Amino acid sequence: MARIFSLERCLHPRVMARMTDFARGLRARQTPAEAKLWRALRDRRLLGAKFRRQVPIGGYVVDFLCHETGLIVEVDGATHSTDAERAHDRRREAVLRRAGYTVLRVTNGDVRENLDGVLRYLALHLPRDGCDV
C-alpha cells in the first residue's frame with residue numbers, strides 16, 4: 001500500500017462536507033469519457049484494483065482514485081486547455097504528489113478512441129499481482 005499523507009486532516013469538517021457534496025454532484029454529471037472509463041475500472045476490473053470516482057482529497061476532487069496504491073487518474077477535456085488552467089493543474093498535481101499520490105492524466109479523446117491503450121497505461125502503474133484491501 002502506498003504511503004499517503006492525509007490532506008483531509010488539513011481541512012475543517014464543514015469544508016470537507018461541502019467537498020463531499022460537490023463530488024456527489026460531479027458523479028451525477030460525469031462526462032461521457034469519465035463514464036466510459038468508469039465502466040472499465042469499476043468492480044476491480046483492472047488488475048483487481050479498487051477505484052473510486054470523484055473523490056475529495058484535501059481541497060480537490062480527483063476523477064478516479066485507487067487508494068490502496070495512491071494512484072489518481074485525471075480525465076482532461078477542453079477545460080484544461082488554457083495556460084491558466086494548465087498552471088492550476090500543475091499546482092494541484094504538485095500538492096497531490098507531495099502528499100504521496102501518483103497522478104496520471106489522460107484526455108477525453110484517449111478514452112473515447114483508445115480505451116485499451118489507456119487501460120494498458122494505467123496497468124503499468126498498478127501492482128502486477130493485483131490489489132488487496
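## Hairpins and turns

S2 and S3 form a hairpin with four residues between the strands. In that turn, glycine 70 has a positive phi of about 75°. Strands (E, at least two residues) and helices (H or I, at least four) are DSSP runs, numbered from the N terminus. This is a predicted model: local features need pLDDT of at least 70, side-chain atom pairs count only at pLDDT 80 or more, and totals for chains, interfaces and linings use all residues. Residues are numbered from 1 along each chain as its sequence is written, and side-chain values use heavy atoms, with hydrogens and water left out.

S1 and S2 form a hairpin too, with two residues between the strands. Here glycine 58 takes a positive phi near 60°.

## The sheet

Four strands make up an open sheet. Their order is S1-S2-S3-S4, and the pairing is mixed. Two strands pair if DSSP finds at least two bridges between them. Strand S1 (52–57) and S4 are the edge strands, and each pairs on one side only. On average, neighbouring strands are turned by 45° against each other, direction ignored.

S1 and S2 pair in the antiparallel sense over five bridges. Valine 55 has valine 62 in S2 as its bridge partner. S2 and S3 are antiparallel as well, over three bridges. Here cysteine 66 has leucine 71 in S3 as its bridge partner.

How many residues of S2 are buried? Six of its seven residues are, so S2 is mostly covered. Buried means under 20% relative accessible area, exposed means over 50%, and partly exposed lies in between (1.4 Å probe, protein chains only).

## Helices on the sheet

Helix H3 (residues 83–98) lies across S1, S2, S3 and S4. H3 runs at about 145° to S4. Axes are lines fitted to C-alpha atoms, for helices over the stretch in contact, and angles run from 0 to 180 degrees between N-to-C directions. H5 also packs on the sheet, touching S3 and S4. The direction of H5 makes about 170° with that of S4.

The buried residues of H3 are Ala87, Asp89, Arg92, Glu93 and Leu96. Their cover includes S1, S2, S3 and S4. Does the length of H3 fall where 1.5 Å a residue puts it, or elsewhere? Its 16 residues should span 22 Å, and the end C-alpha atoms are 23 Å apart, which agrees. The expected span is 1.5 Å times one less than the number of residues. After H3 comes glycine 100, with a positive phi near 105°.

## Nonpolar cores

In soluble globular proteins, nonpolar side chains tend to be buried together. A nonpolar core is a set of buried Ala, Val, Leu, Ile, Met, Phe, Trp, Tyr and Cys residues joined through side-chain atoms within 4.5 Å. The largest core here has 22 residues. Leu37, Phe51 and Leu122 touch the most other members. Helix H2 (32–41), strand S2 (60–66), strand S3 (71–76), strand S4 (102–107) and helix H5 (115–123) each supply at least two residues. A second, separate core has nine residues, including Val62, Leu96, Ala99 and Tyr101.

What does phenylalanine 51 touch, leaving aside its neighbours within four places in sequence? Phenylalanine 51 is in contact (heavy atoms within 4.5 Å) with Trp38, Leu41, Phe64, Leu65, Cys66, Leu71, Val73 and Leu126.

## Salt bridges

The structure holds nine salt bridges. A salt bridge is a side-chain nitrogen of Lys or Arg within 4 Å of a carboxyl oxygen of Asp or Glu. One joins glutamate 68 and arginine 44 (3.7 Å, N to O). This pair links distant parts of the chain, 24 residues apart. Glutamate 68 is in the loop between S2 and S3, and arginine 44 is in the loop between H2 and S1. Glutamate 68 is buried at 10% relative accessibility, while arginine 44 is partly exposed at 31%.

Another salt bridge joins glutamate 93 and arginine 97 (2.7 Å, N to O). These two are four residues apart in helix H3, so about one helical turn separates them. Glutamate 93 is buried, at 17% relative accessible area. Arginine 97 is partly exposed, at 40%. Shared partners join Asp76, Asp89, Glu93, Arg97 and Arg105 into one salt-bridge network.
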